[in-house]
Amino acid sequence: MSWREELLLLIKELTQLPGPSGYEHRVRDKVVELVKPYADRLWIDAWGNVIAVKKGKTSDRRLMLAAHMDEIGLFVSHIEDDGFLRAIPIGGVLERTLLYQRVIVVTRTGRMIRGVIGLKPPHVIKPEEAQKVPELRELFIDVGASSKEEVEKLGVRNGDIVVFDRDVSELSGNRITGKAFDDRVGVAALIKALEMMGQPEVDAYFVFTVQEEVGLKGARTSAYGITPDVALAVDVTIASDVPGVAKSEWFTRLGKGPAIKIVDGRNATGLIAHPKVVDFLVTLAEKHKIPYQLDVVPGGTTDASIIALNKDGVPAGTISIPSRYIHSPVEVLDLEDVYNASKLAAAFASEATEEWIKSLKGMVIK
Ligand SMILES: CC(C)C[C@H](N)C(=O)Nc1ccc([N+](=O)[O-])cc1
């Protein structure tokens, strides 16, 4: 199989698994199965993060590479007498992406119930109201049932999770569209990096984190446990190369290579990537002839920003995969960017030496 076929298959496999924050277990099982042959040590911590270690030539320093397994979604919060479900968000759900979508409700026993997100008909609302994006509290999930009893017979109860019902489709060239690319494509890139790399210089901890979408939580606890000396997150970033956006605001573009993060978050409140980590990634990309772009984005952040704050501080950076329409059921990206992100992550994990990592540390003055 070509790299493209293999990667597409992996992304299809990973994105079809429902796994909103806190309920990543289906993704976790798949990740464990896939990384087991390549890891020297492998465990799942109390929070559900998967940690796969590739032993280095020396074990004096630790690298951490993180990609999150969770996706955004909904929790069923109420079942109406007439069988409609109400829901609350898991993570940054954009209300404008929800209306008229097909969804899957996953019951506690694992039964998958199909539904659609509805709203009262436009004919019974005022014209001004029809212009507005409906709030989640106005929307409901229609699973085709006519009563609360019928819904309960399907096994649905409050607290069940809901995700978009969406396959991966191929678009023109290397472009694909689907749901949960944020961040199953980061997970796919790290799995591929593990497959392609040899023995690293220092111990490399590949961490598949939980609950990123609700506050970077799995990255926080796993970094505390690992105490990395340097860290990298692999996540999506905003590709805004679409009509209506000024070119000065095209933060990244599809097909121009993975993006090496300089800064993210509103007013740089997310991550200011460590300049030496940025320089190292740029050097590696140039050495291995991997196309790259620089990521300077005024919003969003990744696991790297919380890992950077672990204990007395960790030099951190991010390899970003440009993606359009993030947090929607029709995210779009370029497969070649994902493949090149895995090559860059593999180069980082194998070539970071003990000396280079030591050079990132502070110094004793007296
Ligand atoms: C475009 C972003 C970098 C994508 C990222 N996966 C994301 O959604 N990050 C994010 C960061 C922080 C929170 N939070 O604090 O709730 C949610 C999502």
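Across which strands does helix H9 lie, and at about what angle does helix H9 run to E17? Helix H9, residues 335–351, lies across E11 and E17 and runs at about 65 degrees to E17. The structure described here is a predicted model.

**The six-stranded barrel**

- Six strands, in the order E4-E5-E8-E7-E6-E9, close into a barrel, and their pairing is antiparallel.
- On average, neighbouring strands of this sheet are turned by 45 degrees against each other, direction ignored.
- Strand E4, residues 73–79, is joined to E5 by six bridges, and the two strands run antiparallel.
- Strand E5, residues 84–90, pairs with strand E8, residues 140–142, over two bridges in the antiparallel sense. The bridge partner of Phe 84 in E8 is Asp 142.

**The open sheet and the helices across it**

- Three strands form an open sheet in the order E10-E11-E17, with antiparallel pairing.
- Strand E10, residues 169–170, and E17 are the edge strands, each of which pairs on one side only.
- E10 and strand E11, residues 175–178, run antiparallel and are joined by two bridges. In this pairing, Ser 169 has Thr 177 of E11 as its bridge partner.
- Helix H5 lies across E11 and E17, running at about 30 degrees to E17.
- Helix H9 also lies across E11 and E17, but at about 65 degrees to E17.

**Helix H1 against helix H5**

- Helix H1, residues 3–15, and helix H5, residues 181–196, have axes that come within 9 Å and cross at roughly 130 degrees. H1 is therefore oblique to H5.
- The crossing of H1 and H5 is right-handed.
- From H1, the contact is made by Glu 6, Leu 7, Leu 10, Ile 11, Leu 14 and Thr 15. From H5, the contact is made by Phe 181, Arg 184, Val 185, Val 187, Ala 188, Ile 191 and Lys 192.
- By class, this contact of H1 with H5 has nine nonpolar, one polar and three charged residues.

**Helix H7 against helix H9**

- H7 and H9 pack at an angle of about 115 degrees, and their axes are 10 Å apart. This angle makes H7 roughly perpendicular to H9.
- The crossing of H7 and H9 is right-handed.
- H7 contributes Val 277, Phe 280, Leu 281, Leu 284, Ala 285 and Lys 287 to the contact. H9 contributes Leu 344, Ala 347, Phe 348 and Glu 351.
- The residues of the contact of H7 with H9 divide into eight nonpolar, no polar and two charged.

**Backbone features**

- The peptide bond from Asp 182 to Asp 183 is cis, with omega near 10 degrees. Asp 183 lies in helix H5, the helix that makes contact with H1.
- Lys 289 has a phi near 55 degrees, a positive value in a residue other than glycine. Lys 289 lies in the loop between helix H7, residues 275–287, and strand E15, residues 293–296.
- Lys 289 has a relative accessible area of 73% and therefore counts as exposed, as the cut-off for exposed is over 50%.
- Tyr 325 is not a glycine, yet its phi is positive, at about 60 degrees. The place of Tyr 325 is in the loop between strand E16, residues 316–323, and strand E17, residues 331–334.
- Tyr 325 has a relative accessibility of 42% and so counts as partly exposed.

Methods. Residues numbered from 1 in each chain as written. Predicted model: local features only at pLDDT ≥ 70, side-chain atom pairs only at ≥ 80, totals over all residues. Heavy atoms only, no water. Pairing = 2+ DSSP bridges. Helix = DSSP H or I, 4+ residues; strand = E, 2+ residues; numbered from the N terminus. Axes fitted to C-alpha atoms, helices over the stretch in contact; angles between N-to-C directions. Parallel < 35°, antiparallel > 145°, perpendicular 65-115°, else oblique. Left-handed = near helix turned anticlockwise from the far one by under 90°. Contact = heavy atoms within 4.5 Å. Nonpolar A, V, L, I, M, F, W, Y, C, P; charged D, E, K, R; others polar. Buried < 20%, exposed > 50% of the residue type's maximum accessible area, 1.4 Å probe, protein only.
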